[in-house]
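Please read this note with the model open.

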Amino acid sequence: MKRWSYQAGSSRARVLASAVLVLVAVVASGCSSFYQAEAADETVLKSPNDKRTYEYFELENKLRVLLISDPATDKAAASLDVFVGSGNDPKDRQGLAHFLEHMLFLGTEKYPEAGEYQKFISQQGGSHNAYTSNNHTNYFFDVDYSNLDLALDRFSQFFIAPLFSREYVARESNAVHSEYQSKIKDDYRRQLDVLRQLFNPEHPLAKFSVGSLDTLVNRTDDSVRDDLLAFYQRHYSANSMTLVVLGRENIDELRQMVASRFDDVALRDAESEVEPEPLFPDDFLPARVEVVPVKDVRRL
């Protein structure tokens, strides 16, 4: 068994590793097989004690939808997952998927004011966020149950007609860079960094996923916004999206609410990108990695 030891702050590894994160990485790397599987059975199985009503279906544009009707809920909510993430970043634009996640919140053709969506959600007693992982980018919100319809109207436009305004490109590039800088000493990020150094360099998980001013810089005849638009057109397709919506309305009302908006998401027939490369180099495993964290943390 190979044994690797890292000290916090070493030049080779800026982070610590754990078996749990290895497991997470392996699971994430296998998500593409789920995406290639046949459509799930439309019958939703639930507990006999669950009083909510469910319905699963696909829109005409192949966007998958799960509806949850709960007449007693105080909050309505929605989450849309796109089957694309940092593992799909071009090698010369690492962090692009994460950067796109940031830019998507800054105005659409129907709601051009940057921050309008965030302001609306906050005013209606809700919250919102998003995250980018290796294979997935997920957007979600919750809001007072009476405002689901208006929230979905704003939310759906992210995936129909985002502006990606030039005026915000530099600002959000700096925001991504600041996020990267602020987490350099975060033990979770540091352990991911160790894993990336141990992974097969040809595997998508070995990429730098956050992005920085070095990777998101404009180059001669190659603007980061042009690359952003190309990435969106290639990967943000209805057939690579899954939407879950929870509300007080009955299933018929929820279905109409969703179909009237998300039917307009473009179908670009995005294809899953198979990861043929092994996660670790040949003859690497089994291996043991020991790292000294910044904080007093012990993980196995």
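1. A charge sits over a ring if NZ of Lys or CZ of Arg is within 6 Å of the ring centre and within 35 degrees of the ring normal. Arg248 meets this: its charged end sits over the ring of Tyr145, 3.6 Å from the centre.

2. A word on the source. This is a predicted model, in which local features need pLDDT of at least 70 and side-chain atom pairs count only at pLDDT 80 or more, while totals for chains, interfaces and linings use all residues. Residues are numbered from 1 along each chain as its sequence is written, and side-chain values use heavy atoms, with hydrogens and water left out.

3. Phe120 is found in helix α4 (helices are DSSP runs of H or I, at least four residues; strands are runs of E, at least two; both are numbered from the N terminus). Phe120 counts as buried because its relative accessibility is 8% (buried is under 20% relative accessible area, exposed over 50%, partly exposed in between, with a 1.4 Å probe and protein chains only). Leaving out residues up to four places away in sequence, Phe120 touches Asn147, Leu150, Ala151 and Arg154 (contact means heavy atoms within 4.5 Å). Val143 is 23 residues from Phe120 in sequence, and their C-alpha atoms are 9.3 Å apart.

4. How many aromatic pairs does the structure hold? There are 17 (rings of Phe, Tyr and Trp, the last by its six-membered ring, pair if their centres lie within 6.5 Å; planes under 30 degrees apart are stacked, over 60 edge-to-face, the rest tilted). Phe105 and Phe158 pair edge-to-face, at 5.3 Å centre to centre and 65° between the planes. Phe105 lies in the loop between α3 (96-103) and α4 (116-123), and Phe158 in the loop between α5 (148-156) and α6 (169-182), so this pair ties together parts 53 residues apart in sequence. Both Phe105 and Phe158 are buried.

5. Tyr117 and Phe155 are stacked, with 6.3 Å between centres and 25° between planes. Tyr117 is in helix α4 and Phe155 in helix α5, so the pair ties together parts 38 residues apart in sequence. Tyr117 and Phe155 are both buried. One aromatic cluster is formed by Phe105, Tyr117, Tyr139, Phe141, Phe155, Phe158 and Phe159.

6. Now the hairpin. Strands β2 (residues 53-58) and β3 (residues 64-69) run antiparallel, joined by 6 bridges (two strands pair if DSSP finds at least two bridges between them). Phe57 has Val65 of β3 as its bridge partner. The hairpin has 5 residues between β2 and β3, and Lys62 in the turn has a positive phi of about 80°.
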